[in-house]
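Please look at the sequence and the 3D structure below, and then follow the notes, which are grouped by topic.

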Amino acid sequence: MCAQNTVVYARSLTKRYALVEAVRGIDFSIHAGECYGFLGVNGAGKTSTMKMIYCRVARTSGELLVLDMDPTRDASRIKQRLGVVAQENALDPELNVEENLLLYASFFGIIGDAARDRAGELLDLLAISGKSKALVRELSGGMKRRLVIARALVNRPDILVLDEPTTGLDPQARLLVWDTLTRLIDSGLTLLLTTHYMEEAARLCGRVAVIDEGRILAEAPPAQLVAQYAAEDVLELVDADGRLPSDAQLDGLVARRERHGDTVYLYNADNRALLHRMAALGFDPPRHVARRASLEDVFLNMTGRELVE
Amino acid sequence: MNPLTAFFTRNAWRVFHRNLLAWQKYAWSSVAINIVEPFAYFLALGFGLGAYFSLTGYGSLVQFMAPGFLGLTALNTATFDAAWGAYERRVFNGVYESMVTAPVDPLEIAAGEYLWQAFRSMLYGCLFLAVIAGFGLVHSWWALLCPLVLALSGIVFAIPALLVSFVVKTQEHLFYYFSFVVTPMVMIGGVFFPLDKFPKWALLIAWLTPLYHAVKVFRALVLGTVSGQTGLEVLWILIAIAVLVFVPVRSIRAKLAN
């Protein structure tokens, strides 16, 4: 049932906790060598999906295969081949940087010189080699996150699973993590990540699944999602007094109109043409932003909610 | 895997090694805390209070308490770290959480913790043994077997403490265990005074606690009064380990297993 290059396969996958139904029947297949992303707000079911994949929680129903194995039966064998960057860093604050890597490597049977070589390699790769004897608490947020990624790579995993890899990082640290992940993707590693940053999804992911309230609403390459569910351009303006011309008056230049409070989003093919037409009608859009459409707009269109509040 | 076979896995020793690495960074303060405090009590009670009387049939109070304090040291060191320390490792520091994303079974983590408490109990107990030997309170070469019994005691005390660390809602609730279980156990464990004058029912309760048996063994080893009874006390501890070790399995799996 698994295609040759499918590394994660889910059909009608659900996860119910005592009080909430976190995942309500989702289907997806992740192929070897791609970077696949789940885009959604907090509580959308991203983390539960990840935890089912990396064998931390058991699924409630549905089918799930990771590397052709069932997490409920073969957790240990799956874990042997996964790299996991969980949402909480879970670095050992009582150990130094190198010890963190060596201990984790030992759980995969990588010990002695092999472990030390691998640790050195990864510290170089993630540009934290100067800190190998530092205690974890002495590291910056960005360094901690890079160390967790290094740790997840210690066993040369077939899939790297990252749950919100850059949440809480400052922009500079985020760029460094993105660089690292881009290099890993280029090297052919399969990545699976969750994010609520559309820029992150657009930048890293070959395919994105928009997930909301435990369901996948759409799945496609980011550019295709934008073209399909938004438009080329967005004109965002404040229309408090309702003077905005109707779509008909605007010569059908507006493909789709969304209103959230006083803010109106006009999805269209070309902001300049639209503004030109408005000027001809004598309407000067107050406090407007003319920009390209993004995954953020896709998300807004599909769920009526903004990704990052 | 069951909680007994987990003791014989490599991962259990890797968990042990993790604790050893962490401990090395604050070893001296840990030694001080675990030795100075019981030693202060020992001096005050044994030589201070003990100066006023001796125990009929047992000699001086200090001689009576010396082996008792070996049991007390094992109990305190193993209990505190398996409850308070393990709670921090699990909840605040995510130590176990990251272990289970690697192919480590939760029962291997538990076994590693038990082995670690065996080591702590043995280390601090032996330091105390050296102290009382210095005071001339050790009278037999049998005392060389104390490390082994300290290790077993560490395990038997660690099991309920680790269970408690897995079921409490907040770290402060651990004090319920310390106050309602550990302290009473010390009072009826035969550490400070003989239990001959206890009523039968109180003796029965004492008999049900591991400390009572551990202290009896230490006393026999230190005084050289080893007999078949001493072997039975050790057997009691071994059976207690083999039975108790199954009790926390569900709670541990509930928190850490898939």
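Predicted model: local features only at pLDDT ≥ 70, side-chain atom pairs only at ≥ 80, totals over all residues.

The contact between the two chains draws 25 residues from chain A and 18 residues from chain B.

**The side of chain A that touches chain B**

- Helix H2 (71-80) and helix H3 (97-106) of chain A each contribute at least two residues to the side of chain A that touches chain B, and the largest share of that side, six residues, is supplied by H2(A).

**Chain A as a whole**

- Chain A contains 10 helices and 13 strands, and its C-alpha atoms fill a box of roughly 75 × 45 × 35 Å when this is taken along the principal axes.
- Chain A has 309 residues, of which 46% count as buried.
- Among the contacts in chain A with a separation of 6 or more, 70% are accounted for by residues 24 or more positions apart.

**An open sheet in chain A**

- Three strands of chain A form an open sheet with antiparallel pairing, in the order S2-S1-S4.
- Strand S2 (21-31) and strand S4 (61-66) of chain A stand at the edges and have a single partner strand each, so one side of each is left without a neighbour in the sheet.
- From one strand to the next, the twist of this sheet averages 15°.
- Strand S1 (residues 6-16) of chain A runs antiparallel to S4(A) and is joined to S4(A) by five bridges; A:Ala10, for example, has A:Leu64 in S4(A) as its bridge partner.

How values were computed
Residues numbered from 1 in each chain as written. Chains lettered and ligands numbered in written order. Contact = placed C-beta atoms within 7 Å. Helix = DSSP H or I, 4+ residues; strand = E, 2+ residues; numbered from the N terminus. Buried ≥ 20, exposed ≤ 12 C-beta atoms within 10 Å, placed from the backbone. Pairing = 2+ DSSP bridges. Axes fitted to C-alpha atoms, helices over the stretch in contact; angles between N-to-C directions.
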